[in-house]
Structure formats: C-alpha cells, structure tokens
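I opened my notebook for a new protein chain today. My plan was to look up how it is divided and what sits where the parts meet.

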Amino acid sequence: MNAPLRIAVLDDYQGIADTVDWSPIPRPVQITALREHIAGGPDLIETLAGHEVVVAMRERTPLDAALLAQLPALKLLVTTGPFNAAIDVAAAHRLGITVSGTGGAITPTVEHTWALILGLQRHVVTEDQRIRNGLWQSTIGADLHGRTLGLVGVGRIGSRVAAIGKAFGMNVIAWSPHLTDERAAKAGVVRVGRDALFSEADVVSLHMVLSESTRGLIGAVELAAMKPSAILVNTSRGGLIDESALVEALRGKQIRGAALDVYQQEPLPPGHPLAAMSNTLLTPHLGYVTENVMTIFYRDIVEDIAAYCTGSPLRLLTV
C-alpha cells in the first residue's frame, strides 16, 4: 500500500480543509490543517517537516528561500490564486519544488471595499454596539452622493470599485504611476495628478499591486494632503501604506478615519495602535474570503495535487 501523501494546509482559519473531499487524489492522504497562524522560523519548519505538499492560503505565510531549503520532503507547493508574492518561486524551482496555483475571483474584494466604506461612513459598528447595550443613535453619517472617490489604481478591481462609486452618484478620479488618459477613460474615471487625488478626494481607496516601487506609496506627505473629513480605505496590501505615518495622522485627526483589511504584519499583533483607535474600521484580511472563492480554491487545490500525483502538474507558476 502506498504511504500516505502528507499535505499541510497553512492558515486554515475557518477549518475549511476538514470539510473538503480529498478523494480525487489517487493516493491516500494525511491532512495537517493549521487553524492558527505560525509566524515562520523554527516552529514553522518543524511543523512542515516531512510534508510532501504544502498549501499556502494566499500571502498569509511567507515562504522564502531559507525556509524552503529546510524542507527537503517538500515537492509540491500549492498557492491559492494565480500568483503569490510571499513565495520565492525561483528558489522553489531551484530546489526541485513544483509550484501550482488556483483560480479565484476579484468581485469579493470589490464588495468588501464597499462594505468598509459604508461601514465607516455610517458608523455601523459603533451604532450596532450601542443598540446592543440599550442605547440609541449618536452619530452623524457622511454622504457619498456628490462626493469624490479617489482611486489609487484602476485595474481589474479598481475599475469595478469605480463603477459602484458612480452608481452612488460619486465623482470618480484616479491616479497611479503609469495610468494613462486612455486607461482612465476605459474605466470611466478622470485621471488626475497625485497631489490632486489626495487633496480632492473624500474617499481614497487603494487598488495597487505591492512591489518595491509601490511599498510605502502612501506616507506622511499624502496623508497630510488629504481633507480632514476624508477617509482612507485599503483592501490591497498593507505595505502600500507607511503604517506609522497613518497612525500619527489618525491620532492627530489629520483625516477622519481609515478602513483597513490589510496590514504590514498579519495577523495584526495584539495591542497594535490601529486597534485602539475610535476612527478605524478593521477587518482581518477578509477581502477574498467568501463561499464562492473558497469553493474555487479548494476545488483547484485538489485538482493540482491529483495532477501532481499523476506526473502532469497543473497551473504552474513561473518566475
């Protein structure tokens, strides 16, 4: 009888791996589903040792060259989604590790962006907590109709966020380092300069890929340029914002608030100053966490592992 195929599923916070049908895999499997995050280092290496397959849930756990080199049993690395900036794919290839991806969907992140915008603008959490404690209304919401939505990036997600903003009756402007008038027109937005976007927008929403050129893109200068009544929303990557500068801007009431789904360090450490502020709305990187997306992820994970077992790997990631 074949030895079980040992599969480790990282960051399975919701316990989904235990509900998945793994039977299409043509070998007996032994699943190690990690419900808690392991931050790397010796503990992660010890946990993953002996596993032939590791499944990475998006970019929750960095898998760099040094870590991969200490996992000699690892032969297949599956990431949810078609790419993963937290995985050193080149190093994996040098070590003889196959890297496969999965399909996904962008609409959940678009929807979550608007959940955050509306939640912060209308003080939903505050009023929910008050009514549960026998109290009644105390806040005044901020309008969207007639206000300006400023998008930093209008790619696949940003353009959909723009369409919803227009449906609310907002004026939509956009800026990114390589945005052209043609691309802006295609997205139905007005291209403006960097300074104009931050000074004119009532809602600034980030939709950029994190890279060395975009890391810290939003810093003290950009935050100081924003209206005191404006809010900042980030459902992209935490590294786009200088988090220390954001904390200072929020403390000093330079902007009205921030709605965040992503952070420089995830999970957000206990006692982080962002979590102690009354002018933040925080969610734990839920932008893609929906029933439909998780169904796609795990369907493709099982297919990827089954294909690896038959010597015909699918959805290969390249450098």
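Here are my entries, starting with the ground rules.

**Ground rules.** I'm working with a predicted model, where local features need pLDDT of at least 70, side-chain atom pairs count only at pLDDT 80 or more, and totals for chains, interfaces and linings use all residues. Residues are numbered from 1 along each chain as its sequence is written, and side-chain values use heavy atoms, with hydrogens and water left out.

Eight residues of domain 1 and six residues of domain 2 make the contact (heavy atoms within 4.5 Å).

**The interface.** How much area is buried between domain 1 and domain 2? I noted about 520 Å², with 53% of that from carbon and sulfur atoms. Buried area here is the accessible area (1.4 Å probe) that two parts lose on being put together, summed over both. On the domain 1 side, His-37, Glu-59 and Ala-105 lose the most area to domain 2, and together they give 57% of what that side buries.

Next I checked for charged pairs, and the rule finds one salt bridge across the interface of domain 1 and domain 2 (a side-chain nitrogen of Lys or Arg within 4 Å of a carboxyl oxygen of Asp or Glu). I also found that Glu-59 forms a salt bridge with Arg-237, with the closest N and O atoms 2.7 Å apart. The side of domain 1 that touches domain 2 has three nonpolar, two polar and three charged residues. For that tally, Ala, Val, Leu, Ile, Met, Phe, Trp, Tyr, Cys and Pro count as nonpolar, Asp, Glu, Lys and Arg as charged, and the others, Gly among them, as polar.

Which two residues does a cis peptide bond join? I got Glu-266 and Pro-267, with omega about -5 degrees. Pro-267 sits in the loop between strand S11 (257-260) and strand S12 (280-282). Strands (E, at least two residues) are DSSP runs, numbered from the N terminus.

I also jotted down Asp-11, which has a positive phi of about 55 degrees although it is not a glycine. Asp-11 is in the loop between strand S1 (5-9) and strand S2 (29-33).

Definitions and conventions. Helices (H or I, at least four residues) and strands (E, at least two) are DSSP runs, numbered from the N terminus.
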